[in-house]
Amino acid sequence: MPTVSVIIPTYNRPRELREALTALTKQFFQDFEVIILNNNGDRLESVIADFNGQLAITYVDLPENHHVRARNHGVSLAKGRYILLHDDDDLLLPSHIEEVVGDLEAGADLSYADAELFTYDWQQDHRVVRTTEPFAYPYDREGMKEDSTYIPSGSIYRKSLHEELGLFDEEVFNYWDWDWILRVGQDHLVLHPARATVLYAFNPSGNHESAKQDASRRVYFDRLVEKHELPTTEMKNFHIVQEERRSRLRETRRTFSGHLTESE
């Protein structure tokens, strides 16, 4: 059985997914499986085939585009004792899995690293980094009730947490990750080391769900606020939080070279 199950929901991002999987082949720690959940997007067999013999991949085509339900399905298939969450357009630096596994082996229940936010341009079939900046704020559960600074991509936790806390809450949809970190942090040890080993795609003008702040998101946000009795009524995404909090960035270890792929 693998130590870690890497869960990647995806929807029509084959080029980004290929980059994410390539980064996984470069991890120092290789005792993991990869579970790819295709959220009713275009077929991905050609992408998966390129990693035969390099990664242990389970690939599932799902009948709907529901990223929270997809993650829950991934959890149900996971064989590892640790779960590592991974967005399809992000990448992990080579030391990432080795270090976060070490955090759990040292006693943490959940560990998440700082991130390098990067903007990019497409050059043929790969992304070229335009700018980078750290997303690095200390973990504080009470402060997390005001603004979420938890980036779930790259975070790792004990699979046994689901036996105690249940699956990800599909009823809060866009805010499933904020809900999860609040639930885990209530009675379990959350570690947030000052290492920027997650590369987080960050284009505020891009066409992605996290840039939207609309009425449909408000429904889920209001459910989250009621569930956790949050002291906030203002919806914010990472772009807004970063803009407001830059003066409070902490020192973090940064080792990213600026190159996502060898073809740059």
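Visitor: What is the strand order in the open sheet of seven strands?
Guide: This is a predicted model, and its open sheet runs E3-E2-E1-E4-E9-E6-E10, with mixed pairing.

Visitor: What makes E3 and E10 edge strands?
Guide: Strand E3 (57-62) and strand E10 (190-191) each have a single partner strand, so one side of each lacks a neighbour in the sheet.

Visitor: How do you know that E2 and E3 pair?
Guide: Pairing takes at least two bridges, and six bridges join strand E2 (residues 32-39) to E3. The two run parallel, with Ile36 opposite Tyr59 in E3.

Visitor: Which strands does helix H3 lie across?
Guide: H3 (residues 67-77) lies across strand E1 (4-10), E2, E3 and strand E9 (156-158), at about 145° to E2.

Visitor: Why are H7 and H8 called roughly parallel?
Guide: Angles under 35 degrees count as roughly parallel. The axes of H7 (residues 176-187) and H8 (residues 215-228) cross at roughly 10° and come within 10 Å, so the two helices are roughly parallel to each other. Trp178, Asp179, Leu182 and Arg183 of H7 meet Phe221, Leu224, Lys227 and His228 of H8. By class, that makes four nonpolar, one polar and three charged residues.

Visitor: What makes the Glu99 and Arg253 pair a polar contact?
Guide: The cut-off for the N or O atoms is 3.5 Å, and the side chains of Glu99 and Arg253 are joined at 2.9 Å. Glu99 sits in helix H4 (residues 96-105). Leaving aside residues up to four places away in sequence, Glu99 touches Arg195, Thr197 and Arg253.

Notes:
Residues numbered from 1 in each chain as written. Predicted model: local features only at pLDDT ≥ 70, side-chain atom pairs only at ≥ 80, totals over all residues. Heavy atoms only, no water. Axes fitted to C-alpha atoms, helices over the stretch in contact; angles between N-to-C directions. Helix = DSSP H or I, 4+ residues; strand = E, 2+ residues; numbered from the N terminus. Parallel < 35°, antiparallel > 145°, perpendicular 65-115°, else oblique. Contact = heavy atoms within 4.5 Å. Nonpolar A, V, L, I, M, F, W, Y, C, P; charged D, E, K, R; others polar. Polar contact = N/O pair within 3.5 Å; in protein donor to acceptor, adjacent residues only side chain to side chain.
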